[in-house]
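Welcome, and thanks for taking a look at this protein with us. Please open the sequence and the model side by side, and then read on.

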Amino acid sequence: MSKFQCAVALALIGLSTVAVSTSCVDKLDSYSDYDNTVSAADIRAIRSDSYLLSYGWSAAYCDKISSKSKRPGQKDYLQCGSGRKFAYILHGLWPQSAASSSADYPRACLGDQLKIARTDLQPFLCMTPSVWLLQHEYEYHGTCMADPQLRSPVGYLSKAQAMHRQLNLPLQQLNYAASSLRWWYSNNPHLVAGSVKYQKKSQQWQFCYDNGFQSVSCPASDSTERAVVPADVVDEVDVNRNCKIKGNISKRSGRKYYFLPQHRNYQSVVINVAAGERCFDTQSQARAALWQKAPN
């Protein structure tokens, strides 16, 4: 398959900034034994200096668990048994520390916590469709947030949700490949080169952020887990980020249109260098190359 064919195929995957539904509250989702018990041995009160967002493919998880767990009232009913079709779900927002190893990261910094009320968890169920996982993520990760205001359940989960909503997520599973990396960067121009990695063991896509929650290149780590960004992908990321006038080729008609920054669709236009699209500095430059101004 050519680069152009790959780009077209990946474009058809579609985008989703949130889960399938705007509300994921289900009256049959009544699982109550979701409080986690944090032992003293679990506590690693290490200062965090960066963050990681980690996403798993919902169907892959649901295929592995027992049918009993999917029944109404059980732990995984909402995600796997309710009939809702979740795509990528947020496993968690994880504080990281340069002073610790991957096996000794900040976790459970405040020890065991009280059970979070369901009403407080409900707004986050489309992002992470499991009250057990939301409780777990808060106790083990939310309590280690550098900002004290984000160490409450609602503060932590609200921050995770805000970061989650900044990402465009595919509606189909992406395997570890250069074409998948190209998809992430092309559809999320705010991500800097090197900020996306793939955890092969858990098959999760992960995104690195600094302590101010800005996209940042991931630190060097185990090469089996780090997604090396191909040079042509970096080129496309740089072109889209620095472009003044976007030269786009219509997939329907094949016509060449250029988009000015004030055009209503400018932000959604992504230049695919491999397909012959390009960036221009001036309108005269675009017209000389036989591109037409995009109609409003």
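## Overall picture

This is a predicted model. The secondary structure of the protein comes to nine helices and 10 strands. Of its 296 residues, 46% count as buried, and the accessible surface comes to about 15000 Å². Carbon and sulfur atoms contribute 51% of that surface.

Among the contacts in the protein with a separation of 6 or more, 71% involve residues 24 or more positions apart.

## The disulfides

A disulfide is a covalent bond between the sulfur atoms of two cysteines. The structure holds five disulfides. With bonded cysteines counted along the chain, their pattern reads 1-5, 2-3, 4-6, 7-8, 9-10. Three of these links are described here, starting with Cys24 and Cys126, whose sulfur atoms are 2.2 Å apart. This pair links distant parts of the chain, 102 residues apart: Cys24 sits in the loop between strand E1 (15-16) and strand E2 (50-57), and Cys126 in the loop between helix H4 (118-121) and helix H5 (131-140). The torsion about the S-S bond of Cys24 and Cys126 is about 105°, so this disulfide is right-handed. Both cysteines, Cys24 and Cys126, are buried.

Next comes the disulfide that joins Cys109 to Cys144, with an S to S distance of 2.0 Å. It too connects distant parts of the chain, 35 residues apart. Cys109 lies in the loop between strand E3 (88-96) and H4, while Cys144 lies in the loop between H5 and helix H6 (153-164). The link of Cys109 and Cys144 is right-handed, with 105° about the S-S bond. Cys109 has a relative accessible area of 17%, so it counts as buried under the 20% cut-off. Cys144 is buried as well, at 5% relative accessibility.

## Back to Cys279

Now for the opening question. Cys243 has a relative accessibility of 8% and counts as buried.

The torsion about the S-S bond of Cys243 and Cys279 is about 115°, so the disulfide is right-handed.

## The sheet around E7

Strand E9 leads us to a sheet. Strands of a sheet pair through backbone hydrogen bonds, either parallel or antiparallel. Here four strands form an open sheet with mixed pairing, in the order E9-E7-E8-E10. E9 and strand E10 (292-293) are the edge strands, each pairing on one side only.

E7 and E9 pair in the antiparallel sense over three bridges, with Gly247 opposite Arg278 in E9. E7 and E8 run antiparallel and are joined by four bridges; the bridge partner of Gly247 in E8 is Tyr258. Tyr258 also has a bridge partner in E10, namely Lys293. Strand E8 (residues 256-259) and E10 run parallel and are joined by two bridges. In the hairpin of E7 and E8, six residues lie between the strands, and Gly254 takes a positive phi near 80°.

Why is E7 described as largely enclosed by the rest of the structure? Five of the five residues of E7 are buried, so the strand is largely enclosed. Ile245, Gly247 and Ile249 point one way from E7, whereas Lys246 and Asn248 point the other way.

## A covered helix

Let us finish with H5, a mostly covered helix in which nine of 10 residues are buried. Among the buried residues of H5 are Val131, Leu133 and Leu134, together with Gln135, His136 and Glu137. Tyr138, Glu139 and Tyr140 are buried in H5 too. The buried residues of H5 pack against E3, H4 and H6.

Methods. Residues numbered from 1 in each chain as written. Predicted model: local features only at pLDDT ≥ 70, side-chain atom pairs only at ≥ 80, totals over all residues. Heavy atoms only, no water. Buried < 20%, exposed > 50% of the residue type's maximum accessible area, 1.4 Å probe, protein only. Contact = heavy atoms within 4.5 Å. Areas by Shrake-Rupley, 256 points an atom, 1.4 Å probe, with all protein chains shown as cover. Disulfide = S-S within 2.5 Å. Pairing = 2+ DSSP bridges.
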